[in-house]
Amino acid sequence: MYRINEIFYSLQGEGYHSGTPAVFVRFSGCNLHCAFCDTQHQTGETLSLQEIVDEVNKYPQAPLLVLTGGEPSLFIDEAFVAELKQQTRKTIAIETNGTRPLPGNLDWVTLSPKMAFEGGDAEPCVVRRCDELKVVYLGQELVQYDGIEAKYRFLQPCFVEDDEQRKANMKACVEAVKAHPHWRLSLQIHRILNIP
């Protein structure tokens, strides 16, 4: 049984798959408590793997299934991923803070380490390889991510409610990408376009 906050169909709003239709399975609970976290993931209902599959299969048109949270690596294993693959026929992606080892049969790993932030530094990042490294940027030194092997590197400005601070975060992020061109800018298009 798995504690699930929500399962929904939308567009991936960030990173490499931005704009791609996807089913999101959001797990309840996280082992970090980042001060800037904007996801209300604590509540949820307990579902079996078959109930998760049945809900995901309501959206056969979606090519991508994203395991997110919270922190999904706290709850999944290779058998879980294998069953999702077999029963949904979707590409299985994960969004993780990297503090736990990952099943080896995931199709796509988005690593978003939080070690540079208050509340995110409670546990070290142990994942050292990923498909995409997506860093929430608040002006931290980027050299700390050099030891992570990634096909793609994205900087994403930290979203805050205050307009002036949000603009300053965006400007700093753009300047960081210009200064470090092996990184790319990631925007939260679901926020910009108000996509649920």
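**Contacts of leucine 84.** In this predicted model, leucine 84 is in contact with Leu49, Ile52, Val53, Leu65, Leu67, Arg89 and Ile92, once its neighbours within four places in sequence are left aside. Leu84 also belongs to the largest nonpolar core, a set of 37 residues in which Val25, Ile52, Leu67, Phe80, Leu84 and Leu155 touch the most other members. Apart from this set there is a second, separate core of seven residues, among them Phe24, Leu64, Val66 and Trp108.

Nine strands are arranged as an open sheet with mixed pairing, and their order is β3-β1-β2-β4-β5-β6-β7-β8-β9. The edge strands, each of which pairs on one side only, are β3 (45-47) and β9 (184-185). Helix α3, spanning residues 163-179, packs on the sheet and touches β7 (129-137), β8 (149-157) and β9, with its direction making about 150° with that of β8.

**Antiparallel pairings of strand β1.** Strand β1, which comprises residues 2-11, pairs with β3 in the antiparallel sense over three bridges, and in this view isoleucine 4 is seen opposite glutamate 45 of β3.

**Parallel pairing of strands β2 and β4.** Strand β2 (residues 21-27) runs parallel to strand β4 (residues 64-68), and the two pair over five bridges. Within these strands, arginine 26 stands opposite threonine 68 in β4.

Technical notes:
Residues are numbered from 1 along each chain as its sequence is written. This is a predicted model: local features need pLDDT of at least 70, side-chain atom pairs count only at pLDDT 80 or more; totals for chains, interfaces and linings use all residues. Side-chain values use heavy atoms; hydrogens and water are left out. Two strands pair if DSSP finds at least two bridges between them. Helices (H or I, at least four residues) and strands (E, at least two) are DSSP runs, numbered from the N terminus. Contact means heavy atoms within 4.5 Å. Axes are lines fitted to C-alpha atoms, for helices over the stretch in contact, and angles run from 0 to 180 degrees between N-to-C directions. A nonpolar core is a set of buried Ala, Val, Leu, Ile, Met, Phe, Trp, Tyr and Cys residues joined through side-chain atoms within 4.5 Å. Buried means under 20% relative accessible area, exposed over 50%, partly exposed in between (1.4 Å probe, protein chains only).
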